[in-house]
Amino acid sequence: MSQTVGDHILERLRDWGVQHVFGYAGDGINGLLSAWQRADNQPTFVQARHEEMSAFEAVGYAKFTGRVGVCVATSGPGAIHLLNGLYDARLDHVPVVAIVGQTARSAMGGHYQQEVDLHTLFKDVANAFCETVMVPEQLPNVLDRAIRIATSRRTVTAIVVPSDVQELEYVAPAHAFKMVPSSLDLTRSAPVPPPAELERAAEVLNSGSKVAVLIGQGARSAAAEVTEVADVLGAGVAKALLGKDVLPDDLPWVTGSIGLLGTRPSYEMMMGCDTLLVVGSNFPYSQFLPEYGQARAVQVDIDPTMVGLRYPFEVNLVGDAGETLRRLLPMLRRQDDRSWREDLEAKVERWWEVMQRRAFTAADPINPELVFHELTPRLPDDAIIAADSGSAADWYARHVRIRGEMRASLSGTLATMGPGVPYVIGAKTGHPDRPCVALVGDGAMQMNGINELITIAKYWRDWSDPRMVIAVLHNNDLNQVTWELRSMGGSPQFLPSQQLPDFPYAAYARSLGLHGILVEKPEDVGPAWDEALTSDRPCVVQFVTDASVPPIPPHATWDQIEKMAESVVRGDSDRWDVVKEGVRSKVQEMLPGTKDHPDQVPPDD
Ligand SMILES: Cc1ncc(C[n+]2csc(CCOP(=O)(O)OP(=O)(O)O)c2C)c(N)n1
Ligand SMILES: [Mg+2]
């Protein structure tokens with residue numbers, strides 16, 4: 001039976017095991033859409049409100065399922081809208097394939113409607129592979145390469161299909177000159193460094209007595225090996241943001257997040273170590289790693305182009321994290337002096353006490369830290385969690401304690417606003433049986449999350465477990481940037497850029513047939529989480545939070561904290577009268593006692 005190019009693209013996607021495609025319609029892909037109808041919607045088309053959301057959904061799907069994410073958009077404006085989501089994928093090393101339309105071949109170059117130079121548009125984001133299908137015989141090769149390259153290099157690829165080509169009859173490549181055949185198979189490979197390189201790494205690691213380990217998402221399949229290495233070396237393990245769910249936080253030697261959003265124990269471990277092992281992480285902020293020359297360092301990464309970037313490593317092992325560590329382990333000598341590790345464990349224990357204390361510090365009306373603190377014990381073991389960029393990322397990084405089968409992510413490298421809600425839509429599409437939680441600021445909700453609630457309302461009945469909670473930090477402020485302005489820009493708050501208009505998030509959710517809860521009192525925070533996490537439908541919880549609670553970085557000195565507090569007090573708007581008494585006193589409440597190691601002070605009681 002004859003097939004169009006559109007039919008063939010969908011068949012080939014099915015052959016690759018692609019079950020869902022995230023997209024938005026337009027006449028640049030009409031040929032594909034009519035093929036979709038003939039294909040009885042297989043793979044399933046998931047419709048967003050905006051192509052950027054389709055791309056984010058593909059990223060969330062790929063992050064939480066480990067499969068390739070596929071998104072589709074029309075030519076011109078649709079392709080342009082995809083861009084930010086595609087960059088999110090590319091920067092976080094997530095495999096995503098974009099399929100976009102283009103004007104018909106007869107009009108190309110004619111300054112035609114919705115014709116933009118898609119190769120130039122995608123030149124950077126899809127630099128690994130971007131190809132236009134001009135004749136049917138280019139398929140299946142172009143599609144296969146797009147999937148294979150995206151998957152094996154964990155990156156973004158793009159296929160451009162002019163609208164008239166989508167409707168041509170598909171003709172397979174012939175066994176002939178200038179024809180390129182193709183095949184479907186993709187096997188996983190796990191490269192390992194040669195024994196001599198492993199010996200060099202082992203020598204470095206065995207020479208230290210205070211070993212710090214930093215893991216990222218590249219260690220995902222190596223949790224057991226990292227655990228064993230850390231045990232043998234008597235090390236603590238810090239986690240880069242994208243590696244937050246690689247190891248649970250109930251292990252006493254896991255120091256938690258690192259960096260500006262990180263924990264004090266991670267910071268102190270890095271500042272005090274004499275040896276550093278980085279596994280599967282491209283954590284960019286070298287000021288949170290040991291002083292240059294302080295530590296001998298080894299890196300393990302699967303990508304030879306990503307090693308040696310962040311620290312003057314002595315040995316850069318290129319290989320699969322699990323396989324490499326498995327081969328390294330027999331070469332490592334057990335550290336008998338456990339004092340470094342015991343000291344780290346004590347710091348971690350104290351840190352959680354500090355977190356608890358911070359969460360219960362009074363605020364007006366709700367301390368955002370309390371929202372995250374109350375969430376953690378209520379999270380189901382199999383929850384999937386997404387945080388948006390904004391102060392939510394701070395509280396997520398520090399307060400959410402990973403355990404069980406939980407998965408969690410955010411836009412780690414692009415740090416874009418907006419992926420929180422679409423990530424969990426992508427997650428639910430891949431795992432309809434798992435509860436999902438998105439932690440999102442009001443700015444991000446107004447940017448796009450509100451619209452994407454419509455998508456949730458459209459699809460939630462298809463999910464076998466309907467639980468999806470969208471938690472909104474309603475602080476009427478672009479708070480993260482406000483604090484950045486205060487601590488780095490020296491400006492109290494520039495209201496014309498920072499202040500946000502009000503919006504009834506919970507009531508709006510209810511108007512869509514979802515559940516919505518407005519929380520205005522600290523004592524209602526826990527019960528609201530309970531209600532949301534047991535709801536029979538997706539639920540928006542609108543937490544009215546205090547914008548004056550400072551996201552204190554782990555390395556902040558007392559002076560810096562006081563400066564942040566003063567910057568609020570200096571704020572000249574009436575709105576800030578509420579906090580006049582000050583973040584200063586609040587900060588002091590949170591960090592009683594000492595100017596030297598504020599975060600390390602145990603609670604008074
Ligand atoms: C697309 C995009 N625009 C702007 C920024 C800069 N930015 C980072 S966090 C933030 C504020 C987020 O505000 P909101 O969502 O209300 O969260 P809050 O910090 O108030 O909790 C901004 C503007 C960004 N990261 N991404
Ligand atoms: Mg906000």
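Biologist: What conventions apply here?
Modeller: Residues are numbered from 1 along each chain as its sequence is written, and chains are lettered from A and ligands numbered from 1 in the order in which they are written. This is a predicted model, where local features need pLDDT of at least 70, side-chain atom pairs count only at pLDDT 80 or more, and totals for chains, interfaces and linings use all residues, while side-chain values use heavy atoms, with hydrogens and water left out.

Biologist: How many residues apart in sequence are the parts tied together by aspartate 442 and aspartate 477?
Modeller: Helices (H or I, at least four residues) and strands (E, at least two) are DSSP runs, numbered from the N terminus. Aspartate 442 belongs to helix H16 (residues 442-459), and aspartate 477 to the loop between strand S16 (468-474) and helix H17 (479-489), so the pair ties together parts whose separation in sequence is 35 residues.

Biologist: Are aspartate 442 and aspartate 477 buried or exposed?
Modeller: Buried means under 20% relative accessible area, exposed over 50%, and partly exposed in between (1.4 Å probe, protein chains only). By that criterion, aspartate 442 and aspartate 477 are both buried.

Biologist: What is the bridge partner of valine 213 in S8?
Modeller: Strand S7 (residues 211-215) pairs with strand S8 (residues 236-239) in the parallel sense, over 4 bridges. In S8, the partner of valine 213 is valine 237.

Biologist: How much space lies in the largest cavity?
Modeller: On a 1 Å grid over the protein atoms alone, a cavity is a set of points where a 1.4 Å probe fits but cannot get out, and lining residues have an atom within 4 Å of a point. Grid points are joined across faces, edges and corners, and a volume is the space filled by probe spheres set on the points. Leu214, Phe283 and Arg310 are among the lining residues. The space in the largest cavity is about 40 Å³.

Key
Pairing = 2+ DSSP bridges. 1 Å grid on protein atoms, 1.4 Å probe; cavity = no way out; pocket = protein on both sides within 12 Å on 5 of 7 lines; lining within 4 Å.
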